[in-house]
Amino acid sequence: MNEKPKKISLAAWDERYETLRRGGLREPSYGGSLSRHRADGDYRLDKLEYDGSAAALRLWNFLLTEEDRLHEARATGKILVGTMKDLGTVPVMVYSSPDLIAFYPDGAWWIPCIMEMSAGLLDVAASMGVDESWCPARAVLGAFQTQAHFPIPDLLTCSVGAVCDDFSGIAQRLEALGHPILWWEMPHRRKPGAGEEAVPLPGGFTAPRDQIAFVQSELERVRQALSELAGSALDDSALEAGIRAANRVRGLLGELRSLVFTAEVCPLPALEMMIAEMLAIHFCSDRDETAAVLEGLLGEVHQRVDAGTGPVSGDAARVFWVNPVADLRVMNLLETCGGRLCGTDFMFCHALDEIPEDLPPLEALARTALADPMVGSARDRAERVCRDARALGAEAMVVSRIPGASHCATEGRIIGEKVGAELGIPVVEIEVPPLSDAITPTLENRLEALVETAHARRNTGTL
Amino acid sequence: MTTVRYVSPYVPAEWIAAHGLRLERLTPRAAEMRHAHTGECCYAEAFVDLANADTSGAAFVFATTCDQMRRASEFVDTASPAFVLNVPATWQTVAARNYYRTELERLGDFLVSVGGTPPERGRLIEVIAEYDAVRRELRAAHGRLSGKAYAEAILAFHRHGPGPVDAGVGNQADGVRLALVGGPLFESHLGVFDGIEQAGGRVVLDATTTGERTLPGAILSEDLEKDPLDALVGAYFDTIPDAFRRPNTRLFDWLEHECQSRQVHGILFHAYPWCDLWRIEAQRIRARLGLPFLELPLGHDGTPDVRTTSRVQAFLETLA
């Protein structure tokens with residue numbers, strides 16, 4: 001295909017899909033037209049714009065068939081582990097066993113968006129006294145109550161301690177509904193004190209040795225529970241293999257991010273990039289397929305970079321994005337308003353960094369878990385954001401608030417102040433509910449103003 | 001001498017006192033709610049305001065018992081010495097308990113850095129015993145004092161340390177027996193006790209974070225002699241029930257037990273806007289206790305307004 005890549009609608013995807021099929025498209029078993037998902041109730045797909053590549057098609061089909069995959073896994077005797085909150089570490093352990101599958105029940109937070117509220121999950125949560133003043137992750141309560149989405153896992157794990165209050169509360173309500181949870185403690189990451197060894201963590205933070213030892217002991221409890229569940233020991237060699245496999249995925253994603261964020265013409269839209277990053281958290285319930293999906297995206301991106309082409313305008317403002325959005329449509333909006341993604345912190349950078357392979361595996365995983373930007377101070381997080389944004393040549397930054405999320409109450413102030421002081425780039429804070437249609441004019445206004453400011457600074461040489 | 005100020009019940013007062021420092025477990029007067037629109041808890045904001053308004057050189061201790069308070073510590077001006085005490089949410093493992101102990105030891109290092117002295121073992125035992133004795137007196141005074149007087153006695157103990165406990169003879173009031181359950185009160189919220197009594201109620205259980213719920217458990221002298229710091233860990237970490245613990249089953253067990261033993265007839269529930277950990281438990285508390293339940297809209301500025309008063313009156317009328 002020599003045509004310039006462009007974003008297309010769901011309706012156009014049907015036509016495109018037929019064209020690809022006639023051209024010999026080879027698909028995995030979960031392949032097919034995107035519109036079938038819309039027919040299944042994923043109504044938001046009508047409102048989105050998509051990359052028109054076969055690789056993007058595979059990405060979307062992979063994401064939208066996860067529930068089917070989990071049900072199939074249950075039917076074939078796989079044991080399901082619902083790994084809540086820690087965003088990236090426990091799934092690496094789970095997938096080290098051939099009999100276990102991990103997924104994030106937290107991911108239900110996107111169901112209200114994707115199904116445009118038709119699943120009623122937020123209403124179920126509201127009936128339990130958990131209303132819109134809580135994070136959209138409250139949809140998890142609805143998902144467990146209705147049992148209309150993912151299968152109820154055989155084991156639930158949940159990190160607590162240095163985590164957001166709303167999800168901690170939601171998880172506690174889940175347990176009170178009769179879903180036992182293996183709670184494991186994530187301490188607030190602090191800087192090493194005088195006389196304490198500063199142990200380096202993936203991604204650049206440091207932590208004192210005793211915190212790493214403590215988290216390691218907590219992950220040992222998780223390991224024992226997983227071993228019992230699987231009926232076989234999850235020994236160090238299994239964990240090492242799991243880490244290597246996870247690192248393969250992280251490496252592919254790292255290469256993809258590097259290519260996409262640094263290319264002069266953005267080769268892959270923001271929405272597909274956000275979804276690609278999300279795969280790293282729990283491999284969308286299929287670790288090997290995640291690698292294949294990312295390889296496909298990489299192949300497409302390499303071609304586009306070599307050709308100097310992409311579906312986003314070449315002069316789009318380079319925007320660094322902080323926090324994931326509850327409404328997928330807003331990632332389209334960034335580009336509609338003249339921006340392009342040049343870097344991200346979707347709250348799980350520690351799931352993107354490579355896990356050390358030269359350490360005992362549980363220690364490596366403990367360091368990885370402690371590298372979570374959300375378990376330390378917002379100032380630490382802001383430091384990493386600044387470092388990454390500077391390296392990627394960000395011209396502007398969006399801090400996207402998640403309605404009701406406890407961390408969003410204060411982190412935006414800190415991140416915005418630090419970025420402004422260190423990088424001098426414009427920062428805007430927006431709030432994105434699960435369906436943002438009613439406030440699209442407001443969001444457009446703010447994003448356009450941000451882009452205009454970035455362009456004005458570019459034109460005056462203020463960088 | 002440096003004063004160490006804090007609001008969390010998981011900061012052991014006797015540990016600070018044994019280091020030779022003054023201490024004040026604060027009860028902020030009220031909040032301005034400057035950042036309520038962003039979702040910030042007014043209580044955490046108020047504590048930060050107190051820290052930033054301080055000109056005495058006091059040190060401030062934050063605890064990680066909620067994400068709001070954990071993050072609030074970042075807004076303390078760098079001139080004020082501040083410490084973040086990591087209080088594990090999990091409590092069922094030896095590792096979590098030991099982690100709390102090591103955090104107390106680390107707090108001890110901080111206390112030394114602001115002018116304290118590492119306590120001799122005998123001194124630590126003496127201070128712990130003194131505080132334990134006063135807490136026993138406080139518990140014994142319950143029932144003799146009105147709800148407000150009891151709440152004030154506890155707040156005074158937190159602020160000023162051991163002192164005489166009001167004998168309370170003749171201070172009891174009749175009325176519908178109520179439990180006040182939830183997060184911390186502002187000092188100016190104490191007026192709500194008057195409003196409750198005037199409406200015909202009586203708070204016989206103050207299960208707020210500033211009330212008797214967070215008095216550490218009694219300490220056995222043999223445990224104290226064996227390992228005083230461990231006895232302190234036991235009293236604070238092992239016994240104080242709270243919504244943030246995971247699992248928080250002990251809170252519900254404690255509430256059920258206390259409501260039954262004190263023959264509570266109704267629950268007044270209090271949680272600030274954005275206090276997720278308490279607000280999310282309202283429905284569950286109501287279901288577990290099976291008692292008439294009122295969510296009490298205490299104003300952020302602490303003054304019980306007409307709306308609150310009339311709701312309490314209506315609630316009590318239904319119980320009478």
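Beyond its neighbours within four places in sequence, B:Thr2 is in contact with B:Leu21, B:Arg22, B:Gly57, B:Ala58, B:Ala59 and B:Val114. This is a predicted model. B:Thr2 sits in the segment before strand E1 (3-6) of chain B. B:Thr2 is buried, because its relative accessible area of 19% falls under 20%. A polar atom of the B:Thr2 side chain lies 2.8 Å from the backbone oxygen of B:Val114.

Next come the salt bridges. Side chains of opposite charge can pair when their charged atoms come close. Over all chains, the structure holds 60 salt bridges. The table shows some of them.

| Salt bridge | N to O distance |
|---|---|
| A:Arg248 and A:Glu295 | 2.6 Å |
| B:Asp242 and B:Arg213 | 3.0 Å |
| B:Asp253 and B:Arg288 | 2.8 Å |

Take chain A. A:Arg248 and A:Glu295 meet in a salt bridge. The pair links distant parts of the chain, with A:Arg248 in helix H11 (residues 236-262) and A:Glu295 in helix H13 (residues 287-307), 47 residues apart. A:Arg248 is partly exposed at 44% relative accessibility. A:Glu295 is partly exposed too, at 38%.

Now chain B. Are B:Asp242 and B:Arg213 buried or exposed? B:Asp242 is buried, at 8% relative accessibility. B:Arg213 is buried as well, at 1%.

The side chains of B:Asp253 and B:Arg288 also form a salt bridge. B:Asp253 lies in helix H10 and B:Arg288 in helix H12 (residues 282-289), so the pair ties together parts 35 residues apart in sequence. B:Asp253 is partly exposed at 43%, and B:Arg288 is partly exposed at 32%.

Salt bridges that share partners also build one network, joining A:Arg44, A:Lys47, A:Glu116, A:Asp327, A:Arg329 and A:Asp437.

Notes:
Residues numbered from 1 in each chain as written. Chains lettered and ligands numbered in written order. Predicted model: local features only at pLDDT ≥ 70, side-chain atom pairs only at ≥ 80, totals over all residues. Heavy atoms only, no water. Helix = DSSP H or I, 4+ residues; strand = E, 2+ residues; numbered from the N terminus. Buried < 20%, exposed > 50% of the residue type's maximum accessible area, 1.4 Å probe, protein only. Polar contact = N/O pair within 3.5 Å; in protein donor to acceptor, adjacent residues only side chain to side chain. Contact = heavy atoms within 4.5 Å. Salt bridge = Lys/Arg side-chain N within 4 Å of Asp/Glu carboxyl O.
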